[in-house]
Amino acid sequence: MRKPKDFLRLDMLAREDANGRLFVDPSTTRFVDLSKVRLLHCGVDTVRQLYRGLIRPDIMCLFDKPGTIVDFAGERWHAGRVGKDSGYQYKLQNADLGFILLVKNFNAKQENIGPHLKVEVSPHAIDSLSPERLQARMDFYAEQILTHVEVNQCAVHIALDLQGWQPPADLVAHMHCRARAARDISGIKEIQWTLESATYGKGQSYLFGSAGSVQLGIYNKTIQARAADKLDYWEGVWKRRDSFDEGDPDNYDPEQDVWRVELRYHHSVIQQFATGSVDLHTGNAIETNSFAAFAPHLDGLWRYGLGQFKLLARPGYFEPIWTLIRDDARVDLPVDSLLDDTEYKRSYKTSRGFSGKNVELFLGNFVSLLARERVGVKKAFSTLKQWDCWPVIRDHYAAKEMSERDLYKHIKNILEERHVRWGRAV
């Protein structure tokens, strides 16, 4: 499939302008006027920094009485247990500071060095600290919890808030991406950003992709902020004079809903970018493992994500709003962007590596079992996609230029060959 093209951008006098808000379809000459769209804020909404190390013996005493307030690192924290879905057993939380410390990985023994700490940072803490100071704060907490500390990798969410636009009713039909999951979620009842889950009103939230890879969320931020009692904070952010559109102080209209376009990158994907992206001056991989080191690359990550999730006006052409937010939005951080100095690519493990080899072996055994149990390809493929390891299988074949449909046909073909050559129950 050829890379989609953009509509022509014009100024309001119909002169070609790379920053214009008037878009014209070069084939149909249809005009789209986005002059009333206001980009309020583009920033990092969530940071999750992972650490490896050995848990200090005195730390576990903080969790002797879950649900109590404890002293840690010169501050007061709420200590408690967390659900197994988080991957950790305990947490220290200080909502005023804007930090949650998840301690003791479920899959590693306490007495061994392992991935025993995840530091989660809220928007207001990210907003108040530079990437360097934020990294220093996270590293400080890590050193108070672990010995033999090793920075592991980070995960980030990048969010753009805008007014003057809302998703069309047929958004899902026009969104093209490699992501296999797409959800239009109904009824605002619960928001649990820590567990990557949200329940929203019909037509108020859309989610594409899986939590273990890259997700695109589009949702009504005004409703979500009001439900979480954070609307006052976000209105303060949206009213800032350093917002987009020439810093217009009246950029934000409190009578109009704000919509958010958010890209969520799992730490495994950030690692793929760290090993696959190349500095154009040196030819070396960027090889980052911390939020502070990766921060100059967030503009590149934003553009890359909006190229992977493609909102199309028609086959072969981007919807003008997608061109606008991809090219005009810049992540608001006090760092120099390296967007123009880096080629952004994800490095996938292949069949030459550990996971690739095992994917190939698994698929062969999987097909043999399907034939033996007389399971059809449609049911088998549906079951495969529900498995926890599906993202590894999907990404392995995506790196080999195979779409989900290609993989389905591949399994169908080898299953048919298995039936013909060896029989269904042999």
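This short talk walks through the charged pairs, a charged surface patch and the cysteines of one structure.

Please keep in mind that this is a predicted model, in which local features need pLDDT of at least 70 and side-chain atom pairs count only at pLDDT 80 or more, while totals for chains, interfaces and linings use all residues. Residues are numbered from 1 along each chain as its sequence is written, and side-chain values use heavy atoms, with hydrogens and water left out.

Let me begin with the salt bridges, where a salt bridge is a side-chain nitrogen of Lys or Arg within 4 Å of a carboxyl oxygen of Asp or Glu; by this rule the count comes to 14. Because D161 lies in strand β10 (residues 146-163) and R260 in strand β17 (residues 259-265), the pair ties together parts that are 99 residues apart in sequence; strands here are DSSP runs of E with at least two residues, helices are runs of H or I with at least four, and both are numbered from the N terminus. Salt bridges that share partners join D45, D161, R260, E262 and R264 into one network. As for burial, which means under 20% relative accessible area, with exposed over 50% and partly exposed in between (1.4 Å probe, protein chains only), D161 is buried at 0% and R260 is buried at 1%.

A second pair, R314 and D25, also forms a salt bridge, at 2.8 Å from N to O. R314 sits in strand β19 (residues 310-314) and D25 in the loop between β2 (22-24) and β3 (31-33), so that this pair links distant parts of the chain, 289 residues apart. Here R314 is partly exposed at 27% relative accessibility, whereas D25, at 2%, is buried.

Helix α14 (residues 404-422) gives the largest share of the patch, 3 residues. K409 is placed in helix α14 and, at 42% relative accessibility, counts as partly exposed.

Finally, the cysteines: the structure holds 0 disulfides, a disulfide being a pair of cysteine sulfur atoms within 2.5 Å. C154 is buried at 0% relative accessibility, whereas C389 is partly exposed at 33%.
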